[in-house]
Each structure stands twice: as C-alpha cells, then as structure tokens.
Amino acid sequence: MNYKVIDREAYYRSGAYRRFTEDCRCSVSMTARIDVTRLAEYSKKTDSKFYINFLYILSKVLNSRDDYKMDYWYNTDKLVCYDVINPTHYVFHEDTQTCTPVYSEYCEDYDTFYKNALRDTEKAKETREFGLDDENHPNWFDASYISWLSYDSLNVELPDGYLYFPPIVTWGKYRKEGENLMMPVTVRLNHAIADGFLVANVFRLLEQEIKAFTGVS
C-alpha cells in the first residue's frame, strides 16, 4: 500500500475541507441511472459476467482521480491519498440470506482483474462468515450490488461527525427504459473531499468508460 500525505493548507479544497470537517460534518449521496445497454450486450457476447465487468469499470473510474482515493487517519490526524484503491464487494448466500465480503485487488489490466475477481468471488462462496477486515484493508472502497431491485433512491447513513472518506457505491438491477437498459447507481462521498461536481463526475466517467470498454465511439 503506497500513499502520499496531503498538506491541508496547500490542499486545493482546503476551505471546503475545513468547513466540512470542523463546522458541518456531512456527506453527499447521489443516485442516478446510467445506460448499461452496451455493457450488457458485451457481457452476453463474450460470455463474461456483467457484475465483474461493471466492478472493473467502477474501480477504474475511482482510481482515475485523487479525489476518490482520499482517507483520514484518526490515529495520526493525517489526510492521505492512496496510489490505488481496491473494491470490497459481496457474495450473497441464498440459504442463509447473509453476505460475505470479497476483497479483490484492482488491476488496470482487465483480463487479470477479471480472473482474480472471479476467483475471489468463488472462494467467498465457501464461507458464511461476514469477515470484514478493515484494519488490514485500509485502501479499499465499498461496492455493493442490490440484485433484487431496480431502485430509484438509496441513502447510506454513517454516524454524525464520522470522517469516513472512501467511496461507497451501490447499484441495483438494470431495467428497460425505451430501447435502453438503465441501471441505478448510488455514490456516497464525504463532503470534506467531494462536492456535487465530484460526485456527479463519477456517473459521467462510468458512462465514458463503458463506451471505451465496449468499443463504442
């Protein structure tokens, strides 16, 4: 795990950072539907899993900008930016109706990421333990798939005043709207390190990367 310590006085969002860590601690959560028509078609054509393909694209997007790789270390009072953040996703067990966290390291090479994420997912199916290990996985973000519902709104609540900076991203079932398949995605970021533009930018980048990934000009 590599990182850099951010000088909070020189930080380009220093004013907003002070405001939303000292006076008004809060987060920003936004839900929107993105067009995944081409990604669904690509996944079917290549006999690959849509879920892992989207997880790869999401990981690539969140690693494309330092704002999405920030963290606050309580024990040393440091603002840091990781070189890479990795997705913590989940396996749902139908028999127990519980989830097991899956740790998959991000790799820019798609084939490597796909192979490893598939292996990680299959391995997680063998256990029923919740098994979150935040202490040994500091540079990880939460990626949750709600497979039972194509929802319109979702909020992730954290304790008031808790400076939690890693992204929390949730997505649901896609549904047909006209000729396209639209999928709800929810992005939660702490307001100290992200404003409305940076949250909305995740959705814009997701659609751009889906086009690039599927070869659509």
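Let's start with the aromatic rings: this predicted model holds 23 aromatic pairs. Take tyrosine 11 and tyrosine 17. Their ring centres sit 6.0 Å apart with the planes at 80 degrees, and since planes over 60 degrees apart count as edge-to-face, that is the label this pair gets.

Now for another pair, tyrosine 56 with phenylalanine 213. Here the centres are 6.0 Å apart and the planes make 45 degrees, which puts the pair in the tilted class. Tyrosine 56 comes from helix H3 (residues 50-62) and phenylalanine 213 from helix H5, so the pair ties together parts 157 residues apart in sequence. Tyrosine 56 is buried at 5% relative accessible area. Phenylalanine 213 comes in at 18%, and because the cut-off for buried is under 20%, phenylalanine 213 counts as buried as well.

Stay with H5 for a moment, and look at its packing with another helix. H2 (residues 37-45) and H5 (residues 196-214) meet at an angle of about 35 degrees, their axes 9 Å apart, and the crossing is left-handed. On the H2 side, the contact is made by Arg38, Leu39 and Tyr42; H5 brings Ile210, Phe213 and Thr214. Sorted by class, that contact has four nonpolar residues, one polar and one charged. Phe213, then, takes part in the contact with H2 and also pairs with tyrosine 56.

Terms used: Residues are numbered from 1 along each chain as its sequence is written. This is a predicted model: local features need pLDDT of at least 70, side-chain atom pairs count only at pLDDT 80 or more; totals for chains, interfaces and linings use all residues. Side-chain values use heavy atoms; hydrogens and water are left out. Axes are lines fitted to C-alpha atoms, for helices over the stretch in contact, and angles run from 0 to 180 degrees between N-to-C directions. Helices (H or I, at least four residues) and strands (E, at least two) are DSSP runs, numbered from the N terminus. A crossing is left-handed if the near helix is turned anticlockwise from the far one by less than a right angle, and right-handed if clockwise. Contact means heavy atoms within 4.5 Å. Ala, Val, Leu, Ile, Met, Phe, Trp, Tyr, Cys and Pro count as nonpolar, Asp, Glu, Lys and Arg as charged, and the others, Gly among them, as polar. Rings of Phe, Tyr and Trp (its six-membered ring) pair if their centres lie within 6.5 Å; planes under 30 degrees apart count as stacked, over 60 as edge-to-face and the rest as tilted. Buried means under 20% relative accessible area, exposed over 50%, partly exposed in between (1.4 Å probe, protein chains only).
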